Amino acid sequence: MLEHNDYFKSSLEDKAYFLTEVAEATKTGVYSANFKQNKFYIDSIGRSILNMPEEYTPSINEATSLFCNNKDSRDLIYVCQRGERFERDILMCSYDDQQIWMRFTGKPRFDIDGDLMGVRGVFTSIDKYVRERQAVEQHSEVIEAQNERLLHFAHIVSHNLRSHSSNLELTLELFNEVLEDEKTNVFYSYLREISHNLSDTLQHLNQVVTINSQKATEVIQIEKVVKSILSKYKSEIDKAGIQVKTDFIRLEYIEYVPNFLENIIETLISNAINFRDPSRPLVIQIRTKVKGQKRLLIVKDNGRGIDLKSKDLGMFKSYKTEEELKEFKGLGLYLAKNQIEALGGDLVVKGAPSIGSSFTVKF
């Protein structure tokens, strides 16, 4: 009897043991076919893969019936006649008629006169991986079809409702000219607010639909975009005494979709303004940064902050609860995140209640 150490050492040096273990682990069988003697050979592992009895010795013709598609066997013989080796994924039929995907390899053998004698090679069961790939492809096709239907639906909804929304706005404009009493004024203000919210929602919906169709990029000066947006909020910034600090030295220009960048920056700035803490002056810091291969735009404020434990998922969703809608008005952050991700980037948020929040755009 071998000592324990001798046993393990000899196992490592035993090539036959190694090959057998690999063949069993990978479900790989060995075969050979002698065309001149019409004989087919297969090893015990190959037989177990194909559920073939040990006593069964198939002829060449019987062996070709193991191919589910006769064309595969004819093609392989043709390749052998040209003197070429082959490696193909082939659907085979086991002895008990079960279909199994195999990676089939073979190398032709010739006699001294150059006549084809036969072929020998190996086959490995790849059935599990092929079935999984086919399942993924089927799921992918279903998801693609569902996405296409959703896009069509969104197009129909946004375009059809936009015309009704525009008509409603025009009607309200006319109605404004004939207001007569206080009750009518209140009624009109409600309708006006509903019309405004409907228009905003349809505008956001249209932006969601067109995100993937707008990818024409330009080289943009970030500071110029920020200044343009700040000018839109100038009266509110001045009125609330908001301090805005900017620093774009580390990254002045970015190649991006212009309206994407404008919407992203405006969303982050408007959120900082809307959710400021009334107990202290708001300070907004907007700066760019380059960290290794990463180019970053950071918008940080000392506003009300965010409880990430309860809001980190909800703030980026398109559908929100009534309470979330009050806090994260509209679809701004959802759109901004989708626009960033559509160009391969990411939007990361940090913050804490009563301290402030920081949004980092990773381009």
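Reply: This is a predicted model, in which local features need pLDDT of at least 70 and side-chain atom pairs count only at pLDDT 80 or more, while totals for chains, interfaces and linings use all residues. Residues are numbered from 1 along each chain as its sequence is written, and side-chain values use heavy atoms, with hydrogens and water left out.

Me: What makes Lys71 and Asp75 a salt bridge?

Reply: A salt bridge needs a side-chain nitrogen of Lys or Arg within 4 Å of a carboxyl oxygen of Asp or Glu. For Lys71 and Asp75 the N to O distance is 3.0 Å, so the pair qualifies. A search of the whole structure gives 16 salt bridges.

Me: How are Lys71 and Asp75 placed in helix α5?

Reply: Lys71 and Asp75 are four residues apart in α5 (residues 70-81), so about one helical turn separates them. Helices here are DSSP runs of H or I with at least four residues, strands are runs of E with at least two, and both are numbered from the N terminus.

Me: Which label does Arg250 get, and which does Asp247 get?

Reply: Arg250, at 55%, is exposed, while Asp247, at 26%, is partly exposed. Their side chains form a salt bridge of 3.2 Å, N to O. Elsewhere, salt bridges that share partners join Glu87, Asp89 and Arg103 into one network.

Me: How many disulfides are there?

Reply: The search of the whole structure finds zero, a disulfide being a pair of cysteine sulfur atoms within 2.5 Å. As for individual cysteines, Cys68 is partly exposed at 28%, and Cys93 is buried at 17%.

Me: What makes a set of residues a nonpolar core?

Reply: The set must consist of buried Ala, Val, Leu, Ile, Met, Phe, Trp, Tyr and Cys residues joined through side-chain atoms within 4.5 Å. The largest such core has 41 residues, and Tyr256 and Ile265 have the most contacts inside it. Helix α10 (258-274) is among the elements that each supply at least two residues, and α10 gives the most, with eight.

Me: Which residues does Tyr256 touch?

Reply: Contact means heavy atoms within 4.5 Å. Leaving aside residues up to four places away in sequence, the partners of Tyr256 include Ala216, Leu261, Ile264, Ile340 and Phe363. A second, separate core of 25 residues includes Ala33, Ile49, Ile100 and Leu116.

Me: Why are β7 and β11 called edge strands?

Reply: The open sheet has five strands in the order β7-β9-β10-β12-β11, with mixed pairing. β7 (243-247) and β11 each have a single partner strand, so one side of each lacks a neighbour in the sheet.

Key
Buried < 20%, exposed > 50% of the residue type's maximum accessible area, 1.4 Å probe, protein only. Pairing = 2+ DSSP bridges.
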